[in-house]
Amino acid sequence: MTETSLRRLYNRNFLEYASYVIKDRAIPDLADGLKPVQRRILWSLYQKDDGRFNKVANVIGHCMQFHPHGDRSIGDALVSLANRGFFIERQGNFGNILTGDGASASRYIECRLTDLARDTLFNKRITDFEPSYDGRNNEPVLLPAKLPVLLFLGAEGIAVGMSTKVLPHNFQEVLKAQILCLKGKDFKLYPDFPQGGRIDISDYDDGRGRIRNRARIEKDGQKNLIIRELPWGTTTESVINSIELASKKGKIKISSIDDYTTDSVEINVRLSRGVGIDEGLKRLFAHTDCETSNSSNIVVIQDGVPVETTITEMTHYCTGRLIEILKLELRLEISDYTGRLHWLTLEQIFIENRLYKNIEECTSWDNVREAVLQSLKPFTDKINLEITEEDIDKLLSLKIRRISRFDIDSHKEEMGIIRKKMKKAKSNLRNIVQYAIDYLEKLLEKYGKNYPRLTSIEDFSDIDVKEVAIRNLKAGFNSDTGLFGTSIKGEKTYNVSEYDRFVYFLDNGTYRVIPVQDKYFIDGNVLFCGVHDREMVFTAVYQQKKTRIAFIKRFCIGSFILDKEYRFASEGGEVVFFTWEPEMKLDFWFERKKRMRRRKDECLISDYRVTSENAKGVQLCGKKIISSIKGVSLDDDDDDSVAPSETDIPDDEAEAPDEAEDIQESLGEAAQTEPPSPEDVIKQAEDFRVRSAETLKRVEKVIHPDDDEDAGDLFNKLD
């Protein structure tokens, strides 16, 4: 066998296997809402139905002639279907969905179809059949279900390349939604679980999203919490185990937990001393199975093809199928009435006119049939009634007792009743939509009271897990070794929970956010290490590598990826100052230059707005080069100050250059860097005017030492 033929064989067989798993095992058909094993179980119960209970073992054995996967899968599916309570009536121990207890052996328990199943799921005359897996029997391709069964039961299955999860819904609400659908109105459907509980449907999105499901918990005094209803998919055992596990991890403090569950859930949780009742309730929802999340992913077989759909589309499809089934039943009903009326008419003509006497002289069976046919023709031609050979044989099979006791009045009365029923059926067929609405309303009236809503719909207030978490972990940071974690003892310690995150900044302009862990090595000179807080504001001053121009930025750490390196300073930039204090004054000195007059400046870090961690920042002092910087607390300028970045702080009384050159150089430098303030300009102008006047006086004395009268005419003589 070549590689090409082997690949072709593999592809064909795998495709057949995948199609089989999808269509015949895992994914339910939307038409009747059932998986194949469920359909075969219900069909077996229908074939064995005589009104009495049947041993589950007998039902399983009967179903095995249709289902090829063994008795275990049939038994589990039957128990699960029976516990939903719609189509199978139970007798015996079928387990407990509240505690998770299993059912008794199949030979000890019994079941039968419910009236709802008999009324809505079966009709042999409109059911298509196919051979079973061994060819010895016929099984239904689909049951003629008049209800959206999949919405009642829900479903979950995993196939090849796809999966499905449909949450169960309320019987009354689904039928009311179908009525609104027939009337052309909008509707909404939300899940309803047999275990009760509470749900938040804000993210349900018509079956394409998820719901949050909470247990129903009552407060009993100041220390007791009583769980009365469970979330979908949990049991009393799983909930108790989750509470005990959370208690061992220190997430919730309880003194005892007792289970008194029988036919209804009752789990008594007693809180420890010092834990408030509201705080304990929040921690139960945050850390245990008292709150779960269930996602809905609706994939069904529709017209032989797997499709992804929504709750609204499913309801419309099932309602359309209801219309088609009702049409078929009405046409069959009209056909039955027509056939019955046809026979009663022939019977009346044959007996009332004593046409049976015409066969007394006939010597053969063919002559008898011909005599009856000829005697009927004068009567049937008048009413345009066709006669078949079957009709003649049926007339000839009438017994003498029937002929002798024929009552024409009761016969005519029966024919009148049939005509009325046939007229009603034809009217229903013409008004099929209203007929479907009436049908659903009758089902609601008959069965709706048996299926009230068990799960309440509420709007949950979000519980911040970090806020209600107990900070029972102690993490330390050792700056000498660079180690951080819950197993490290250092000069800095933090009380944290497992939901906290840590952030640390290095002097190379990078930072990381890391989870709480046993041990973590920080490689570099740490500027800050602490618990991450989205509201915490950091201030950094760094100098660019080439220009050495200083930038200041204030930022918070918002979104992040754990243990990923981020930069808060430009590549190659030198961090000269870093603080996490919200208020502080910065004193900074400029690099020495010839004829520099002003070498020190200051600012408040609160004057700069908070930006993102990716922002470049703002130039701190224009194009001037900062030689050192010091942070000073506004509360105490001496004691709480942050050490400057350089130790050689310049002397404020350094030697000043010549005054005239100093003024010119200062003005020129100011023009190149940043505009002076109005007060500086006025002061510099006044100083310049005074010095200019003194210079002019000295020049006058040199030119006119003895002539004081011409001193004011100095500029005229210069001309």
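**Exercise 1. The chain as a whole**

What does the accessible surface of the protein chain come to, and what percentage of it belongs to carbon and sulfur atoms?

*Solution.* The structure is a predicted model. Step 1: the accessible surface of the protein chain amounts to about 39900 Å². Step 2: carbon and sulfur atoms account for 47% of that surface. Step 3: the chain has 719 residues, and 43% of them count as buried. Step 4: its secondary structure consists of 19 helices and 33 strands. Step 5: among contacts in the chain with a separation of 6 or more, 65% are between residues 24 or more positions apart.

**Exercise 2. A salt bridge between a helix and a strand**

Determine which parts of the chain are tied together by the pair Arg-40 and Glu-139.

*Solution.* Step 1: the side chains of Arg-40 and Glu-139 form a salt bridge, with an N to O distance of 2.8 Å. Step 2: Arg-40 belongs to helix H2 (residues 36-47) and Glu-139 to strand E5 (residues 138-140), so the bridge ties together parts that lie 99 residues apart in sequence. Step 3: buried means under 20% relative accessible area. Arg-40, at 13%, is therefore buried, and Glu-139, at 5%, is buried as well. Step 4: by the same rule for salt bridges, the count for the structure comes to 33.

**Exercise 3. A salt bridge within one helix**

Explain how Arg-118 and Asp-115 are placed in helix H5, and state which residues their network contains.

*Solution.* Step 1: a salt bridge joins the side chains of Arg-118 and Asp-115 at 2.8 Å, N to O. Step 2: the two residues are separated by about one helical turn, because they are three residues apart in helix H5. Step 3: Arg-118 has a relative accessibility of 28% and counts as partly exposed; Asp-115, at 47%, also counts as partly exposed. Step 4: salt bridges with shared partners join Asp-49, Asp-115 and Arg-118 into one network.

**Exercise 4. A threonine in helix H5**

Decide whether Thr-120 is buried or exposed, and describe its surroundings.

*Solution.* Step 1: Thr-120 lies in helix H5, which covers residues 115-120. Step 2: its relative accessibility is 1%, so Thr-120 counts as buried. Step 3: the side chain of Thr-120 reaches the backbone oxygen of Leu-116 at 2.6 Å. Step 4: apart from neighbours within four places in sequence, Thr-120 is in contact with residues including Phe-87, Pro-144, Tyr-439 and Leu-443.

Technical notes:
Residues numbered from 1 in each chain as written. Predicted model: local features only at pLDDT ≥ 70, side-chain atom pairs only at ≥ 80, totals over all residues. Heavy atoms only, no water. Helix = DSSP H or I, 4+ residues; strand = E, 2+ residues; numbered from the N terminus. Buried < 20%, exposed > 50% of the residue type's maximum accessible area, 1.4 Å probe, protein only. Contact = heavy atoms within 4.5 Å. Areas by Shrake-Rupley, 256 points an atom, 1.4 Å probe, with all protein chains shown as cover. Polar contact = N/O pair within 3.5 Å; in protein donor to acceptor, adjacent residues only side chain to side chain. Salt bridge = Lys/Arg side-chain N within 4 Å of Asp/Glu carboxyl O.
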